[in-house]
Amino acid sequence: NSGPYVVQALQQLAAAPNCPSDTATLLVQSALPIAAPNINGASNVCANGTNTFTNTVTYPGYAILNWSISPANAGSITGGQGTNSIPVQWGNNAPSSPVITLTVTMCSQTQTGTKTVTLHTAPTPGITVNGIFCPGNSVTFSATGGAFTAYQWSGPGFSSTSNPSSSVTQAGNYHLTVTDGN
C-alpha cells in the first residue's frame with residue numbers, strides 16, 4: 001500500500017489522575033514522482049560574457065540541486081550551486097554549443113533538465129584612420145572587424161555617431177563601441 005499514512009503520538013501521565021496529552025498527528029505520504037527541472041535563460045550567449053540561468057520548478061528545501069556545464073571548459077558556474085539560480089561566466093571557446101544541466105535529487109529519485117546554448121565569438125572591433133590629422137582638416141575613422149548592427153562613437157568633433165565611419169575635426173580621445181547581431 002502506497003499510503004498516505006498517519007502517525008499519531010499521545011502521552012499519558014503514569015500517576016493519577018492519568019491525564020492524557022493532546023494527540024499530535026503527522027500525515028506521511030510516499031514520495032511522489034518529482035518534476036524535471038526547467039532551465040530558463042539566454043539561448044545565445046557571448047564568449048567571455050556572463051549570463052544567469054534559473055530553474056522555474058519549485059522543490060522543497062531538502063531537494064539537492066546540482067548544476068554543471070558540458071564541456072567543462074565552456075564556462076564556469078560562479079555562484080548559486082545548490083540553489084535555483086546560477087551565474088555563468090563563459091569561456092572563449094566559441095563558436096560552440098555548451099549544455100547546462102541541472103540534476104535534482106529528492107527521496108532517492110533523480111530528475112535532470114538541460115538547456116543547450118549557442119556560444120558566439122565576441123566581436124573584435126578595430127579602428128582605421130584615413131588621412132593625417134592637421135589643424136583645420138578632418139580625418140575619417142572607420143570601424144573594422146566585422147559587420148556590426150550598431151556603432152557608437154564617442155569623442156569631440158564627430159559628424160556622425162551611428163555609422164561605421166565618422167569624420168573628425170578635433171584632436172582628442174575617441175572610443176568606438178559596437179554591437180554585433182548575436
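This report describes the sheets, nonpolar cores and aromatic pairs of the structure above.

The model is predicted; local features require pLDDT of at least 70, side-chain atom pairs count only at pLDDT 80 or more, and totals for chains, interfaces and linings use all residues. Residues are numbered from 1 along each chain as its sequence is written, and side-chain values use heavy atoms, with hydrogens and water left out.

**Sheets**

Strands are DSSP runs (E, at least two residues), numbered from the N terminus, and two strands pair if DSSP finds at least two bridges between them.

Ser68 stands opposite Thr101 in S9.

| Strand pair | Sense | Bridges |
|---|---|---|
| S5 (residues 50-55) and S8 (residues 85-90) | antiparallel | five |
| S6 and S9 | antiparallel | seven |

**Nonpolar cores**

A nonpolar core is a set of buried Ala, Val, Leu, Ile, Met, Phe, Trp, Tyr and Cys residues joined through side-chain atoms within 4.5 Å; buried means under 20% relative accessible area (1.4 Å probe, protein chains only). The largest such core has 21 residues, and Phe53, Trp90, Ile100 and Val104 have the most contacts inside it. Two or more residues each come from strand S6 (64-70), S8 and strand S9 (99-106), and S9 gives the largest share, four residues. Val104 touches (heavy atoms within 4.5 Å) residues including Ile34, Pro37, Tyr59 and Leu65, not counting those up to four places away in sequence. A second, separate core of 10 residues includes Phe148, Val168, Tyr174 and Val178.

**Aromatic pairs**

Rings of Phe, Tyr and Trp (its six-membered ring) pair if their centres lie within 6.5 Å; planes under 30 degrees apart count as stacked, over 60 as edge-to-face and the rest as tilted. By this rule there are four aromatic pairs. Phe148 and Tyr151 form an edge-to-face pair, at 6.0 Å centre to centre and 80° between the planes. Phe148 is buried at 11% relative accessibility, and Tyr151 is buried at 13%. Ring pairs also link Phe141, Trp153 and Tyr174 into a cluster.

Terms used. Buried < 20%, exposed > 50% of the residue type's maximum accessible area, 1.4 Å probe, protein only.
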